[in-house]
Amino acid sequence: MEEDQAVHAERELDKFTLSITREDKRALKSYAVRQDKTVAKVLREWIDEKCKGEK
(Lines give C-alpha, C1' and ligand atoms only; values in the text may rest on other atoms or scores of the structure.)
Protein backbone atom coordinates (compact mmCIF):
# COMPACT_ATOMS: atom_id res chain seq x y z
CA MET A 1 0.00 0.00 0.00
CA GLU A 2 3.03 2.32 0.20
CA GLU A 3 2.81 2.72 -3.57
CA ASP A 4 -0.77 3.99 -3.21
CA GLN A 5 0.40 6.62 -0.74
CA ALA A 6 3.09 7.79 -3.15
CA VAL A 7 0.54 8.09 -5.93
CA HIS A 8 -1.75 10.14 -3.69
CA ALA A 9 1.10 12.47 -2.79
CA GLU A 10 2.01 13.02 -6.46
CA ARG A 11 -1.44 13.91 -7.80
CA GLU A 12 -4.69 15.30 -6.57
CA LEU A 13 -7.47 12.74 -6.46
CA ASP A 14 -11.09 13.43 -7.38
CA LYS A 15 -14.09 11.53 -6.02
CA PHE A 16 -16.27 9.66 -8.48
CA THR A 17 -19.63 7.93 -8.07
CA LEU A 18 -20.27 4.75 -10.03
CA SER A 19 -23.51 2.79 -10.23
CA ILE A 20 -23.02 -0.94 -10.76
CA THR A 21 -25.00 -4.05 -9.91
CA ARG A 22 -24.50 -5.67 -6.53
CA GLU A 23 -23.15 -8.73 -8.32
CA ASP A 24 -20.55 -6.63 -10.14
CA LYS A 25 -19.64 -4.84 -6.91
CA ARG A 26 -19.07 -8.15 -5.13
CA ALA A 27 -17.00 -9.42 -8.06
CA LEU A 28 -14.86 -6.26 -8.14
CA LYS A 29 -14.27 -6.26 -4.39
CA SER A 30 -13.43 -9.98 -4.44
CA TYR A 31 -10.98 -9.45 -7.30
CA ALA A 32 -9.32 -6.55 -5.48
CA VAL A 33 -8.90 -8.62 -2.32
CA ARG A 34 -7.35 -11.49 -4.29
CA GLN A 35 -4.89 -9.01 -5.82
CA ASP A 36 -4.17 -7.46 -2.39
CA LYS A 37 -5.28 -4.06 -3.73
CA THR A 38 -8.03 -1.58 -3.07
CA VAL A 39 -10.93 -1.28 -5.51
CA ALA A 40 -9.71 2.25 -6.27
CA LYS A 41 -6.26 0.91 -7.16
CA VAL A 42 -7.76 -1.76 -9.45
CA LEU A 43 -9.83 0.89 -11.22
CA ARG A 44 -6.86 3.28 -11.59
CA GLU A 45 -4.79 0.47 -13.12
CA TRP A 46 -7.64 -0.41 -15.50
CA ILE A 47 -7.92 3.25 -16.57
CA ASP A 48 -4.16 3.43 -17.14
CA GLU A 49 -4.18 0.25 -19.22
CA LYS A 50 -7.42 0.64 -21.18
CA CYS A 51 -7.79 4.38 -21.51
CA LYS A 52 -4.24 5.70 -21.46
CA GLY A 53 -2.48 2.74 -23.07
CA GLU A 54 -0.07 2.18 -20.16
CA LYS A 55 0.83 -1.26 -18.87
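Fifteen is the count to begin with: the largest pocket is lined by 15 residues, and Asp-14, Phe-16, Leu-43, Arg-44 and Ile-47 lie nearest its centre. A pocket here is an open set of points on a 1 Å grid over the protein atoms alone, where a 1.4 Å probe fits, with protein on both sides within 12 Å along at least five of seven lines; lining residues have an atom within 4 Å of a point.

The model is predicted: local features need pLDDT of at least 70 and side-chain atom pairs pLDDT 80 or more, while totals for chains, interfaces and linings use all residues. Residues are numbered from 1 along each chain as its sequence is written, and side-chain values use heavy atoms, without hydrogens and water.

The largest pocket holds about 520 Å³ of space, a volume being the space filled by probe spheres set on the points, joined across faces, edges and corners. Its lining comprises 7 nonpolar, 1 polar and 7 charged residues.

Which element gives the most to this lining? Helix H3, residues 39-50, does, with 6 residues. Helices are DSSP runs of H or I, at least four residues, numbered from the N terminus. H3 has 12 residues and reaches 16 Å from first C-alpha to last, close to the 16 Å expected at 1.5 Å a residue, that is, 1.5 Å times one less than the number of residues.

Within H3, Lys-41, Val-42, Arg-44 and Asp-48 are buried, meaning under 20% relative accessible area with a 1.4 Å probe, protein chains only. Seen down the axis of H3, these buried residues fall within an arc of 165°, so they line one face of the helix.

Key:
Helices (H or I, at least four residues) and strands (E, at least two) are DSSP runs, numbered from the N terminus. Ala, Val, Leu, Ile, Met, Phe, Trp, Tyr, Cys and Pro count as nonpolar, Asp, Glu, Lys and Arg as charged, and the others, Gly among them, as polar. Buried means under 20% relative accessible area, exposed over 50%, partly exposed in between (1.4 Å probe, protein chains only). The arc is that of the directions from the helix axis to the C-beta atoms.
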